[in-house]
Amino acid sequence: MKNFTRLFAIVIALFMLATVAVGCNKDSDKEEGKKESKEIQVGIVLPTKDEPRWIQDKTRFEDALDEAGYTSEVLFSQGDSAKEKTNVEALIAKGIEVLIICPHDGAAAAASVEAAAAEGIKVIAYDRLITGTDKVDYYVSFDSISVGKAQAQYLVDKASGKKGQPLYLYAGAASDNNAFLFFEGAWTVLQPKIADGTFVVANSTEAITLKDKAKLSREELGKIIGQVTTDWKPEVAKSLAESNLTSAKADAKGEVLILAPNDGTARAIADTFKSDTAVTKFTVTGQDAEVPSVQYIIDGKQSMTVFKDVRTLVKDAISMAKSILDKKDVDVTAKTNNGKKDVPTKQTEVVTVDQANVKAALVDSEYYKADEFQNLK
Ligand code: BGC
């Protein structure tokens with residue numbers, strides 16, 4: 001009997017152990033499942049891999065997120081809002097906790113970020129603002145008004161000094177809020193020179209009509225941008241520049257000034273103006289310090305670029321994501337209204353780069369390696 005009781009006790013104990021073990025397994029299965037669905041913590045969506053600018057961002061993000069110890073995935077939308085939405089949905093399905101997104105179209109992206117917010121995901125608008133929704137938690141960007149001001153100031157500084165110098169205006173895509181900010185910044189510097197006849201706008205009747213207005217409304221900016229948009233595409237910039245030069249009168253050639261919104265469009269526009277023999281000299285702006293444009297600057301084919309240190313922007317976006325994941329206060333410096341809310345914002349300054357400081361600003365600062373360029377002095 002005593003033996004039987006002992007045996008019975010052992011059987012019960014083994015049974016209990018087995019139950020606990022199975023229970024444990026279940027829990028760890030649950031943990032596993034949870035881990036699997038939470039595999040990606042930070043999802044990043046960028047507008048296109050066809051522009052060196054956004055490849056810079058991808059590389060810097062991957063380096064910095066790896067170092068910070070976060071799992072992440074970068075997806076490109078290839079200039080297509082529908083693909084952008086699918087990208088966001090794919091990242092939501094992977095369990096991301098933070099979405100860092102640079103929209104192709106600032107208004108159209110509202111639906112995607114609303115879908116993310118509905119899953120409790122925090123949204124950081126990266127470089128370009130997302131408009132018309134209150135579901136953007138934060139915004140990290142460069143000071144885009146300053147970008148336009150820096151471009152315009154360069155043109156003013158390099159002007160011939162002769163009254164009536166031709167000025168060609170070009171802008172980014174109207175679906176990108178930044179295109180408005182760049183143009184607005186440029187206009188504040190160029191407008192007094194257009195108003196007093198120092199510069200004569202050669203390719204926008206809307207700009208000529210508005211030449212006496214120091215501050216333009218969004219609608220007025222839209223009218224000018226509508227005539228001079230490149231859609232951020234070098235091929236559009238090239239054909240617009242070609243048609244502008246074809247219809248330009250003789251006095252709109254000679255020594256000219258060109259406001260080009262970024263490096264990709266600047267190279268296309270510069271090549272077009274260079275091939276017109278009636279254009280004797282041109283000063284052309286840019287933005288992004290893309291490697292091919294840095295080479296253009298070294299070679300004297302593009303006059304300047306506005307350097308936006310992507311390392312800083314990426315660092316800011318990641319430290320925001322880190323604060324969100326650690327449930328700490330997020331460091332912001334300003335607010336930006338997106339039509340629905342004042343979005344807490346962190347802004348970064350920009351630097352004008354031309355032949356005089358190209359080496360110091362971009363190579364000595366270790367942003368690029370010297371061997372990426374030829375004839376760098
Ligand atoms: C960015 C620029 C870029 C442009 C075209 C803008 O929103 O701020 O850096 O050149 O988009 O992609």
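These questions and answers cover the ligand site of a predicted model.

User: How many residues surround the ligand, and how many of them are charged?

Analyst: The shell around the ligand holds 13 residues, with Glu-51, Asp-127, Arg-128, Asp-176 and Asp-288 the closest. Sorted by class, three are nonpolar and three are polar. The charged residues number seven.

User: How far is a polar side-chain atom of Asp-176 from an oxygen atom of the ligand?

Analyst: A polar contact needs two N or O atoms within 3.5 Å. In the side chain of Trp-54, an N or O atom is 2.9 Å from a ligand oxygen, and for Asp-127 the distance from a polar side-chain atom to a ligand oxygen is 2.7 Å. For Asp-176 the distance is 2.6 Å.

User: What percentage of the area that the ligand exposes when taken alone does the protein bury?

Analyst: The space taken by the ligand is the largest cavity. Taken alone, the ligand exposes 310 Å². The share of this area buried by the protein is 100%.

User: Which helices each supply at least two residues of the shell, and between which domains does the ligand lie?

Analyst: At least two shell residues come from each of helix 2 (52–68) and helix 6 (177–195).

Notes: Residues are numbered from 1 along each chain as its sequence is written. This is a predicted model: local features need pLDDT of at least 70, side-chain atom pairs count only at pLDDT 80 or more; totals for chains, interfaces and linings use all residues. Side-chain values use heavy atoms; hydrogens and water are left out. A residue is near a molecule or strand if one of its heavy atoms lies within 4 Å of it. A polar contact is a pair of N or O atoms within 3.5 Å; within protein, one must be able to donate a hydrogen and the other to accept it, and residues adjacent in sequence count only if both atoms are side-chain atoms. Accessible areas come from the Shrake-Rupley method with a 1.4 Å probe; for residues, only the protein chains shown count as cover. On a 1 Å grid over the protein atoms alone, a cavity is a set of points where a 1.4 Å probe fits but cannot get out, and a pocket is an open set with protein on both sides within 12 Å along at least five of seven lines; lining residues have an atom within 4 Å of a point. A molecule sits in a cavity or pocket if more than half of its atoms lie within 2 Å of its grid points. Helices (H or I, at least four residues) and strands (E, at least two) are DSSP runs, numbered from the N terminus. Ala, Val, Leu, Ile, Met, Phe, Trp, Tyr, Cys and Pro count as nonpolar, Asp, Glu, Lys and Arg as charged, and the others, Gly among them, as polar.
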